[in-house]
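Dear colleague,

My notes on what was found in it follow directly after.

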Amino acid sequence: MRFDTLIRNGIIATATDTFASDLGIADGKIVALGQNLPAEGATNIVDAAGNYVIPGGIDVHTHLDMPFGGTKSADDFESGTIAAAFGGTTTLIDFAIQQKGQTLRTALDTWWKKADGKAAIDYGFHCIVTDLPEARLEEMKSLAGEGVTSFKLFMAYPGVFMVEDALIFKAMLAASDSGSMICMHAENGGAIDVIVRRALAEGKTAPKYHALTRPTTAEAEATGRAIALAEMAGSPVYIVHLSCSEALERVREARDRGLPVYAETCPQYLYLSIENFDVPGFEGAKYVFTPPLREKWHQERLWKGLAADQLQVVSTDHCPFCYKEQKELGKDDFTKIPNGGPGIEHRLSLVFTGGVHGGRFSVNRFVETVSTAPAKLFGLYPRKGTIAVGSDADLVIFDPNLEQVISAATHHMRVDYSMFEGIKVKGAPRQVFSRGRLLIDDGKFVGRAGHGEFIKRQRYNLR
Ligand code: URP
Ligand code: ZN
Ligand code: ZN
């Protein structure tokens, strides 16, 4: 057998196994696993000694080139996917937003144009639904046949994205018919809006009030409501960017009852807390995203939730806005600060550091949360999310002992600050492959904008 690339001497780590093996790649696929694979004729030979070989990371929650709050997110599909690749992410799922009155296909067409020819890694789309007359319900079902098998709904942001329970319920019924996943932004937007208006009337305009006006109870209530609606509709539900213990408790209870309820958290909720707002002047704006940062004790509860499979996925909710000029739009009023933070680049390193080096879970659970579970939940498995003969050769040569200090001075995201500035991580990619093509080689991008392809995803089938 002839390989385009032969990776030798690595330790393969999947969600279930850890074993020493060589790995052969041909035509973008993994074609062989085994000891002492023949090197004759291999175009490239990579020595992975001392490193793990893991499936490429899958980030199922990003917002590239997204209009929001009078501006747009600072990374487009080129800069954002290159930054993702530096961190070992080889597939992402971004969100196409349906404007009210628009067809879902128009929304997708808009996002296809944003990504086409720019993305350096593979990508798919969830569709954010804001308006759902009968025709759109049918469209939801037909899109599932075209590889768009998940839809995001918002229980927050009244007047912008928020939808009412009846629409949510109808969308869940459509999802249950067509094998799609409903992703839910679970916060009680109505109650939050009242709390926010009262704070502004009292002159509370600083960034920290973004967090202080969005109580954990609002997230827990909406999480519980989303689960109840999904249970009545007979559909799966995936709670996005879960930030606190109370919401996690709702997910845990539902899963204990055997319901197809899933949830993700993000590195910012594992590493940062409301104490990050204790910074001079307006700098707290760097930590304005939704749901907001919580008290520090929630972090350990989230790590435990990941270890116990109460939480299945770590995504980033990457939604970068520069501090200068973009976050500054809210200088006099925290409600005008564009919501979102940059994180696409450091997910694997942060989860490996806190999870594996932190003694909280195994390398296999690490792979599961950053690659395999997202692939399974969002219809990419086994093409992606694992290391097996026949799977795409999306691979990361991951050095478990490589130390880095996260900083805006060295990151590759197109944003002028880092949420994780100064945090030391241990464990980072040495080389990153997408469909057999080398993208990252010891800190250098050697891939190409436009290499990334739209991936048609399968329907949800985990029941
Ligand atoms: O603050 C955030 N999370 N911005 C992105 C939009 C969302 O709600 O995911
Ligand atoms: Zn959201
Ligand atoms: Zn988001």
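Ligand 1 has 13 residues around it, and those that come nearest are Lys-152, His-185, Thr-290, Asp-317 and Asn-339; a residue counts as near if one of its heavy atoms lies within 4 Å of the molecule. Please note that this is a predicted model, in which local features need pLDDT of at least 70 and side-chain atom pairs count only at pLDDT 80 or more, whereas totals for chains, interfaces and linings use all residues. Residues are numbered from 1 along each chain as its sequence is written, chains are lettered from A and ligands numbered from 1 in the order in which they are written, and side-chain values use heavy atoms, with hydrogens and water left out.

By class, the shell around ligand 1 comprises four nonpolar, seven polar and two charged residues. Here Ala, Val, Leu, Ile, Met, Phe, Trp, Tyr, Cys and Pro count as nonpolar, Asp, Glu, Lys and Arg as charged, and the others, Gly among them, as polar.

Individual atom pairs can also be named. An oxygen atom of ligand 1 lies 3.2 Å from a polar side-chain atom of His-63, and an oxygen atom of the ligand is 3.5 Å from a side-chain N or O atom of His-241. Asn-339 takes part through its backbone, with an N or O atom 3.1 Å from a nitrogen atom of ligand 1. The protein buries 99% of the 270 Å² that ligand 1 exposes when taken alone (accessible areas by the Shrake-Rupley method with a 1.4 Å probe).

Lys-152 in strand S11 (residues 150-154) and His-241 in the loop between strand S13 (237-239) and helix H8 (245-256) are 89 residues apart, and the pair links distant parts of the chain. Helices (H or I, at least four residues) and strands (E, at least two) are DSSP runs, numbered from the N terminus. The zinc ion (ligand 3) lies 3.9 Å from the zinc ion (ligand 2).

Lastly, some backbone features. Thr-290 and Pro-291 are joined by a cis peptide bond, with omega about -5°. The bond from Tyr-381 to Pro-382 is also cis, with omega near 0°.

With kind regards

Terms used:
A polar contact is a pair of N or O atoms within 3.5 Å; within protein, one must be able to donate a hydrogen and the other to accept it, and residues adjacent in sequence count only if both atoms are side-chain atoms. Donors are N, O and S atoms within 2.8 Å of the metal (3.2 Å for Na, K and Ca); water is not among the atoms, so sites may look incomplete.
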